[in-house]
Amino acid sequence: MKLINKFFAKDVTYPGLNKWNKSLAGLHALFGVLILVLSQNRGFSVTTSFLTINPLLSTPTHPVLITAQRHLFDVRMSYVIAAFFFMSALAHLLVATKFRKKYESDLKIEINKFRWFEYAFSASTMMIAVSFLTGVTDISSLIMIFTLILVMNLLGLVMEIHNQTTKKTNWISYVIGCISGIIPWIVFLIYTIGVELYGGGGIPTFVYFIYGTIFISFNCFAINMYLQYKKIGSWKNYLFGEKIYMILSLVAKTLLAWQVFFGILRP
């Protein structure tokens, strides 16, 4: 544990973080390109559900409504995976170059706005990929899942801004963010139970591994924030927590991307 802590604590300085941001920008961009180049063309349908009259059961005086589904368009999974890599690459590049001064000045007061805005979109996109693998294809459900994860991450920003004005840490944004973030997982659980009970073949094994790794990874972000505000051990230094965020982001995105690749996208 001491060796791990020593490794993570290395380069926890502004110049050190700048090197990390530059390196991670390149690494995320590389992974995004590899996914696009190496993946087969596997698409997932996006649908919409609507009420319509059942002509077989309806009469002129007693219409019977049923739920129908219509195909809207297809989305290539490789594009979804590459998208969150490129979002991260752009964010790391910007804070390492054009917005470095702003980034470092915010870190001094224990805020990173760039992180939360990037997570708001990249983590939400990651959950769209997981949604497709779960069988969630309705555009309304996809929008709600995307928005819940977006709100969860923006509440992390609210947490940091709000606690600039409090003497004692206020956890309300943290709690609401956790509630927002758990809802999509409940949806996935309901879909998974449905597949196991009524779907016959069940969900492929690799999807269960994705559930486990991404769920644990997302919870590690919450734990990292908790440790930062509790000032436990090396987390007394906000920059240490910032580096852990970087590592967690890379690990979560890499695990999801390559599990999906070897599960359904490899040629």
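**One residue and its surroundings**

Mentor: T192 is buried, with a relative accessible area of 9%. Buried stands for under 20% relative accessible area, exposed for over 50%, and partly exposed for what lies in between, using a 1.4 Å probe and protein chains only. The model is predicted, so to speak of a local feature requires pLDDT of at least 70 and side-chain atom pairs count only at pLDDT 80 or more, while totals for chains, interfaces and linings use all residues. Residues are numbered from 1 along each chain as its sequence is written, and side-chain values use heavy atoms, with hydrogens and water left out.

T192 belongs to helix α7; helices (H or I, at least four residues) and strands (E, at least two) are DSSP runs, numbered from the N terminus. Apart from its neighbours within four places in sequence, T192 is in contact with T134, I203, Y208 and Y211, where contact means heavy atoms within 4.5 Å. With Y211 there is also a side-chain polar contact of 3.4 Å. A polar contact is a pair of N or O atoms within 3.5 Å; within protein, one must be able to donate a hydrogen and the other to accept it, and residues adjacent in sequence count only if both atoms are side-chain atoms.

A nonpolar patch of about 760 Å² is formed by V175, I179, I182, I183, I186, I190, Y191, F215 and I216. Patches consist of residues with over 30% relative accessible area and no salt bridge, like charges being joined within 9 Å and nonpolar side chains (Val, Leu, Ile, Met, Phe, Trp, Tyr) within 5 Å. The accessible areas come from the Shrake-Rupley method. Helices α7 (172-198) and α8 (205-230) each supply at least two residues of the patch, and the largest share, seven residues, comes from α7.

In the largest nonpolar core, which has 65 residues, M77, I81, L133 and V260 touch the most other members. Helix α9 gives the most to this core, with 17 residues. A nonpolar core is a set of buried Ala, Val, Leu, Ile, Met, Phe, Trp, Tyr and Cys residues joined through side-chain atoms within 4.5 Å. Neighbours within four places in sequence aside, V260 is in contact with M77, I81, L133, F206, I210 and L265.

Helix α9 also holds K253. At 3% relative accessibility, K253 counts as buried. Its side chain makes a polar contact of 3.3 Å with the side chain of S88. Beyond its neighbours within four places in sequence, K253 is in contact with H28, F84, F85, S88, E118, S122 and M126.

Charged pairs complete this part of the picture. Side chains of opposite charge can pair when their charged atoms come close. A salt bridge is a side-chain nitrogen of Lys or Arg within 4 Å of a carboxyl oxygen of Asp or Glu, and by this rule the count comes to six. Between R100 and E104, the closest N and O atoms of the salt bridge are 2.8 Å apart. Both residues lie in helix α4, four residues apart, about one turn of the helix. R100 counts as partly exposed at 28% relative accessibility, whereas E104, at 16%, counts as buried.

E160 and R115 form a salt bridge as well, with their closest N and O atoms 3.1 Å apart. Because E160 lies in helix α6 and R115 in helix α5, the pair ties together parts that are 45 residues apart in sequence. Both E160 and R115 are buried. R115 also meets E242 in a salt bridge of 2.5 Å, N to O. This pair links distant parts of the chain, with R115 in helix α5 and E242 in helix α9, 127 residues apart. Both R115 and E242 are buried. Through salt bridges that share partners, R115, E160 and E242 are joined into one network.

Key: Accessible areas come from the Shrake-Rupley method with a 1.4 Å probe; for residues, only the protein chains shown count as cover.
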